Amino acid sequence: MAVPELTITELFFLIIFVVLSTVVILLVSGERLQRRKVLDKVSQQTLSDADFAKFSPQLISQLIYGKGVYTRHLTAGLLDLVRKRYITLTKSEETGSYYFYEKEANQRHDLAKEEAYLIDWLLYDIGTSGKFFVGDLLVYTEDKTKREQFLERLYEWEELMRLKLIEEKLVDTFPFLKRVLTAIGVVMLLLGSGFIVSSGLLSLLFFISGAATFLIMLTYSSMTHLGWAEYKKWVPFIRDIKEKPPSEYQDHESLTLRYVYAIAFNLSDTYVKKFPIKEASQVSLKNNQFPLYIATSGPGAVAVTTEGVELINDMETSFEHILSSMTYEMADGPEGISE
C-alpha cells in the first residue's frame, strides 16, 4: 500500500506540528528540571519556629492539599490562636461549656490577615463581644439570610488565604508555563479544525496534541518552585504526625502544636490513637491551655484526656453539621434558600 505524498503545504504544517510539540516537551522538561534543582537545595532544611509563626495550620493545609475550606480548618484556626495566646479557651462556670474569648483586641499587631479575620468573624460577628461558644453558630445560622452571610464570609476567608499564598510567591494561579501551554494548545486545536477536510492525518495529529497540551496545562500544579520547596519542608513534619511515637516528644507545647496541625491536615484521629486515653475530669482548664494532655508517670509520659478529645470532636461535629446542612440546602437550588 503506497503512502500518500504530502503536499508542500502539508509538509510545512507538519514541520510546525513537530516544532510546537518539541516546544511543549522542552518547556515541561525544563520546568521539572528546574524544580528538581530547587528541591535538592532544600532537601536538608527543617521547619523552624519562624515557619510555624508564618504559616498557620489552615494556610499550610491550603498549600499542601489544595483549594477548599473545611470544618477542620476552622477548628484548627481557633485552636492555633489559643496556642499562640491571642485568644483563650475557657470553661463557663454557668453552662459548663467551653468558649473562645479575646481579652485584648489591641494585641493583634503581628497576626496574619486570615487569622485576624477569623477572630472578627467568629468571636464578634457570630459570637458576642469577643466571646464565641460553638453553639452560637447554631443560633446564628437558624436565620436563612445569616446562613448565606456565613457562607459568604467562609469564601472570603478562603480567598484571604489564597491571596496570602500568592503574596508569599508560593502559588501562581496562571504561571508562565500554563500561559504558554494554553496558547500552544489553542493554536493546535485551531489548526486541527482547519485540516478536517483537506488532511485527516494532520487534523488528527493537531487535535490529539492540542488536547494533550491542554490536559498537561490543567493538571500542572499552580505551586511555584518556592511553593514546592516549602511543601518539601513540611512533608517530614506530616510524616512525624503519622508515625512518630509520643515518647519522642519533649513537652506539651510540642504535642499541642502537632495536634493542631494534625487537625488541619485531617490526621487528628491518627495522632490521638498513638496516645493512651484517660479520664481527667479533675484537671481544671487554665487560660491559654488545652484540656488535652495530662502528665502520667515519668518525664515526657503523657495521656490524652477524654475531656479534651470530646471537646475537639464536639466542636468539629458542630461545625460539620451546620456546614453540611447549609451546603445541602444550597444544592437544592434558589427555591431552597429563598424566603
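# A guided tour, helix by helix

The crossing of H1 and H10 is right-handed. A crossing counts as right-handed if the near helix is turned clockwise from the far one by less than a right angle, and as left-handed if anticlockwise. This is a predicted model, in which local features need pLDDT of at least 70, side-chain atom pairs count only at pLDDT 80 or more, and totals for chains, interfaces and linings use all residues. Residues are numbered from 1 along each chain as its sequence is written, and side-chain values use heavy atoms, with hydrogens and water left out.

## Stop 1

Select helix H1, residues 8-41. Helices here are DSSP runs of H or I with at least four residues, strands are runs of E with at least two, and both are numbered from the N terminus. Two packed helices are described by the angle between their axes and the distance between the axes. Axes are lines fitted to C-alpha atoms, for helices over the stretch in contact, and angles run from 0 to 180 degrees between N-to-C directions. Under 35 degrees counts as roughly parallel, over 145 as roughly antiparallel, 65 to 115 as roughly perpendicular, and the rest as oblique.

## Stop 2: along H1

Stay on H1 and pick Phe17. Is Phe17 buried or exposed? Phe17 counts as buried, at 13% relative accessibility. Buried means under 20% relative accessible area, exposed means over 50%, and partly exposed is in between (1.4 Å probe, protein chains only). The C-alpha atoms of Phe17 and Met188 are separated by 7.8 Å, yet the two residues are 171 residues apart along the chain.

Next, select Leu11, Ile15, Val19 and Val23. These four form a nonpolar patch on the surface, with about 320 Å² of accessible area together. Patches take residues with over 30% relative accessible area and no salt bridge; like charges are joined within 9 Å, and nonpolar side chains (Val, Leu, Ile, Met, Phe, Trp, Tyr) within 5 Å. Accessible areas come from the Shrake-Rupley method with a 1.4 Å probe, and for residues only the protein chains shown count as cover. Val19 sits in H1. Val19 counts as partly exposed, at 45% relative accessibility.

## Stop 3

Show helix H3 (residues 57-65) with helix H11 (residues 252-264). Their axes are 9 Å apart, at an angle of about 45°. H3 is therefore oblique to H11. H3 passes H11 in a right-handed crossing.

Now switch to H8 and helix H9 (residues 200-219). Their axes come within 8 Å and cross at roughly 160°. That makes H8 roughly antiparallel to H9. This time the crossing is left-handed.

## Stop 3: salt bridges

Side chains of opposite charge can pair when their charged atoms come close. A salt bridge is a side-chain nitrogen of Lys or Arg within 4 Å of a carboxyl oxygen of Asp or Glu. How many salt bridges does a search of the whole structure find? The search finds nine.

Select Lys233 and Asp51. Their side chains meet in a salt bridge, 3.2 Å from N to O. Lys233 lies in helix H10 and Asp51 in helix H2 (residues 49-54), so the pair ties together parts that are 182 residues apart in sequence. Both Lys233 and Asp51 are buried.

Move to Arg83 and Asp80 in helix H4 (residues 71-83). The closest N and O atoms of this salt bridge are 2.9 Å apart. The two residues are three residues apart, about one turn of the helix. Arg83 and Asp80 are both buried.

Then pick Arg153 and Glu156, a salt bridge at 3.8 Å, N to O. Arg153 and Glu156 are three residues apart in helix H7, about one helical turn. Glu156 is partly exposed, with a relative accessible area of 41%.

Finish this stop with Asp80, Arg83, Lys84 and Glu115, which salt bridges with shared partners join into one network.

## Stop 4: two loop residues

Select Ser129, in the loop between helix H5 (113-126) and strand E3 (131-133). Its phi is near 55°, a positive value in a residue other than glycine. Ser129 is exposed, with a relative accessible area of 59%.

Last, select Lys169, in the loop between helix H7 (144-167) and helix H8 (176-194). Lys169 has a positive phi of about 60°, although it is not a glycine. Lys169 counts as exposed, at 57% relative accessibility.
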